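Keep the sequence beside the coordinates as you read.

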Amino acid sequence: MNLFLEISSGICLLVGCFLCFSGGIGILRFPDFYTRMHAVSITDTLGAGLVLLGLMLQSPDGLVLIKLILILLFTLFINPSASHALAKAALHNGLLPREDKGANKGGDKPSKL
Amino acid sequence: MNDDKSTLEERAKYLPSHTISLSVTLSLFWWINSNYGNLLLLSLGASSILLVIYIAYRMNVIDHESQPIHLSIKIPGYLLWLTKEIVLANISVVKHIWLGNSSISPTLETIDASQHTDLGKVIYANSITLTPGTVTVDLVDDRMTIHALIKENIDTLRVGEMDRRVTELEK
């Protein structure tokens, strides 16, 4: 049983780390502000979720478990609000998203301000 | 629409259930984060919770929106479904990150929301933002502006399964 917990915790941590890493790659690779925000939401949801789940499996009883669940809940409540606030502020200040055609060619400048 | 809202607001005025739920939540939160057992600290905790409840009462924020206990029966099923959607969306967005810029087709579009209450709209908008690949940029009355990483995401939202589930939630 203990071995099983260790292994599943390791898998969760590994996959979570891979997702956070992919989120970072996405931030560097994607062409404009709005698409980068989608990459961040990977790190926010399943990346953080799986890392926290892996940590929960490391200490399956006691108060640490409840605290980790609380951290997960707050992350899931706060992150969409923050993303929405960022996106709304960007749009209202005149940063227009790059549309489909421009993104595929890759040569033209992003339309902004 | 307005009828529903006013009855809920009136219920919030006459029933103390929202206050009870707020104090239970605060007490649990205080105890989980401190884990103290002696009498002095417990009483200090209790008095700080009472102070917070008093301030919340003065601010007039103890209502069905800050304490949505009328949703508590239906919300677990919705959260399970939302978790499944988030996992699927994560896989798709990670795939597009590694495939590169040529595989994405960013779109900004406006869709309709069919929820009647503000709470329902907020749940819907936050669910959209929480799902990777789609972000709610703006919410005006019943119209939501959505930015999507791939065009198909918008089409999936237009089919409206999430919309229907949130609307069912608020009934």
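A residue is buried if 20 or more other C-beta atoms lie within 10 Å of its own, exposed if 12 or fewer, and partly exposed in between, with C-beta atoms placed from the backbone. Asn35(B) is exposed, with 11 other C-beta atoms within 10 Å. Its phi is positive, about 60 degrees, although Asn35(B) is not a glycine. Asn35(B) sits in the loop between α2 (17–34) and α3 (39–59) of chain B. Helices (H or I, at least four residues) and strands (E, at least two) are DSSP runs, numbered from the N terminus.

Asn60(B) also has a positive phi, about 65 degrees, and is not a glycine. Its place is the loop between α3 and α4 of chain B. Asn60(B) counts as exposed, with 7 C-beta neighbours inside 10 Å.

The model is predicted: local features need pLDDT of at least 70, side-chain atom pairs count only at pLDDT 80 or more, and totals for chains, interfaces and linings use all residues. Residues are numbered from 1 along each chain as its sequence is written, and chains are lettered from A and ligands numbered from 1 in the order in which they are written.

Next, the domains of chain B. The assignment, which is automatic or taken from a database, gives domain 1 (2–69) and domain 2 (73–170). Their centres, taken over C-alpha atoms, are separated by 31 Å.

Now the sheet. Chain B has three strands in an open sheet, ordered β1-β3-β2, with antiparallel pairing. Two strands pair if DSSP finds at least two bridges between them. β1 (107–112) and β2 of chain B are the edge strands, each with a single partner, so one side of each has no neighbour in the sheet. On average, neighbouring strands are turned by 25 degrees against each other, direction ignored. Axes here are lines fitted to C-alpha atoms, for helices over the stretch in contact, and angles run from 0 to 180 degrees between N-to-C directions.

β2(B) and β3(B) are joined by six antiparallel bridges. Thr134(B) stands opposite Ala148(B) in β3(B). Leu139(B) has Met144(B) as its bridge partner in β3(B). The two strands form a hairpin with two residues between them, and Asp141(B) in the turn has a positive phi of about 50 degrees.

Chain A meets this sheet. α3(A) lies across β2 and β3 of chain B and runs at about 65 degrees to β2(B). How many residues does each chain bring to the contact? Chain A gives 34 residues and chain B gives 28. Two residues are in contact if their C-beta atoms, placed from the backbone, lie within 7 Å. On the chain A side, α1 (2–29), α2 (33–58), α3 (63–92) and α4 (100–105) each supply at least two residues. The largest share of that side, 11 residues, comes from α3(A).

Last, the core. A nonpolar core is a set of buried Ala, Val, Leu, Ile, Met, Phe, Trp, Tyr and Cys residues joined through C-beta atoms within 7 Å. The largest one has 39 residues, and Ile42(A), Val93(B), Tyr124(B) and Ile146(B) have the most contacts inside it. α2(A) gives the largest share of this core, 10 residues. Leaving aside neighbours within four places in sequence, Val93(B) is in contact with His38(A), Ile42(A), Pro132(B), Gly133(B) and Leu149(B).
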